[in-house]
Amino acid sequence: MPQTAPSLTPLVRAYDHLLLDLDGCLWVGGAPTRDAPRALQALREGGKRVAFVTNDTRHSAEEYVRKLWALGFRASLEEVVTVGGALQHHLSERHGARRASAYVIGTPAIFRHVADAGLRVVNGMPEAPHAEVVVAAGHDDLVFEELKLATQALLAGADFVAAGRDRTFPMPDGMWPGTGALVAALEYASGRHATTVGKPEPEIFATALDRLGEGRALVVGDRLDVDLAGAAAAGLDGAIVLSGATTRAQAEEAGADGGARPVAIAADLAELVLGEAPPL
């Protein structure tokens, strides 16, 4: 075993791997959370292996690697596990062989994942309202026409696959609606229930663990309904940082209804990893 860095907290020293969320954990918008790059470096120096596991659908894995480096985080492509990759795997297994037609709501990265899964993207074509699969992922330029065509395809019997159910995600000016808000609108309009592939579904964590190998893993994120619930679904411990979507009161109340409880609550990643509380 590699030598454990003395700067790591006792909690973190008990794990071999850390599965880290991005939005609200490593960064908010275009800025890292307090001392997060230093915390990540301490994990690496302490012999911990890491994976970055995100439900954010706006970028490809390659784009996330570039952003990580730009913000001071050392990272490799193999360490980044995106919901887009999970979506591609799901679609390929269920619809790729028959070249199903798909109407897609999402970023260019999501369009590429759908096409790479073997599906025929029919956006902008007359057959869009009759697509065999509707794929939904949040993006910043959503327009009513997308909701209309997706609803028509769902009412005509299309399969419904969504990237996740995140209600919101943190940005510097406050919370923005996430993919879950889009999915809720389409479910309400169509009366259909989406199959989701991102957190809190366990498959995306299983993908990360396959890459990391044997060892005890801790999931670190900022959302109870996504990160903590996903950790529980995958049979893993989860810790909550308060630099994103969850308040301390909400985190402390977690588990009161019989659900998952975090093994730790910290102001941010730096406090969780280094034990250094933010200044008052």
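Strands β4 (residues 49-54) and β5 are paired in the parallel sense over three bridges; strands are DSSP runs of E of at least two residues, helices are runs of H or I of at least four, and both are numbered from the N terminus. Two strands count as paired if DSSP finds at least two bridges between them. Thr54 has Thr82 in β5 as its bridge partner. Angles are taken between N-to-C directions and run from 0 to 180 degrees, with axes fitted as lines to C-alpha atoms, for helices over the stretch in contact. Helix α9 (residues 224-233) also packs on the sheet, where α9 touches β13 (217-221) and β14 (237-241), and its direction makes about 155 degrees with that of β14. Contact here means heavy atoms within 4.5 Å.

The open sheet has six strands in the order β5-β4-β1-β13-β14-β15, with parallel pairing. Its edge strands, β5 (80-82) and β15 (264-266), each pair on one side only. On average, neighbouring strands of this sheet are turned by 25 degrees against each other, direction ignored.

## Basis of the model

The model is predicted: local features need pLDDT of at least 70, side-chain atom pairs count only at pLDDT 80 or more, and totals for chains, interfaces and linings use all residues. Residues are numbered from 1 along each chain as its sequence is written, and side-chain values use heavy atoms, with hydrogens and water left out.

## Five-stranded sheet

A second open sheet is built from five strands in the order β7-β6-β8-β9-β12, and its pairing is parallel. β7 (120-121) and β12 (195-196) are at the edges with a single partner strand each, so one side of each has no neighbour in the sheet. Strand β6 (residues 101-105) pairs with β7 in the parallel sense over two bridges, and Ala102 has Val121 in β7 as its bridge partner.

Two helices are found on this sheet. Helix α4 (residues 83-96) touches β8 (133-136), β9 (159-162) and β12, with its direction at about 160 degrees to that of β9. Helix α5 (residues 108-116) touches β6, β7 and β8, and its direction makes about 165 degrees with that of β6.

## Helices α6 and α7

The axes of helix α6 (residues 144-155) and helix α7 (residues 179-190) come within 9 Å and cross at roughly 50 degrees. The two helices are therefore oblique to each other, a class left over once angles under 35 degrees (roughly parallel), over 145 (roughly antiparallel) and 65 to 115 (roughly perpendicular) are set aside. Leu147, Ala150, Thr151, Leu154 and Leu155 of α6 meet Leu182, Leu186, Ala189 and Ser190 of α7. These contact residues divide into seven nonpolar, two polar and no charged; Ala, Val, Leu, Ile, Met, Phe, Trp, Tyr, Cys and Pro count as nonpolar, Asp, Glu, Lys and Arg as charged, and the others, Gly among them, as polar.

## Hairpin β10-β11

Strands β10 (residues 168-171) and β11 (residues 174-177) run antiparallel and are joined by four bridges. The hairpin connects β10 to β11 through two residues, and Met171 has Gly174 in β11 as its bridge partner.

## Gly255

Gly255 is placed in the loop between α10 (248-253) and β15. Gly255 is buried, at a relative accessible area of 19%; buried means under 20%, exposed over 50% and partly exposed in between (1.4 Å probe, protein chains only). Not counting residues up to four places away in sequence, Gly255 touches Ala260 and Arg261. The C-alpha atoms of Gly255 and Leu224 are separated by 9.9 Å, with the two residues 31 residues apart along the chain.
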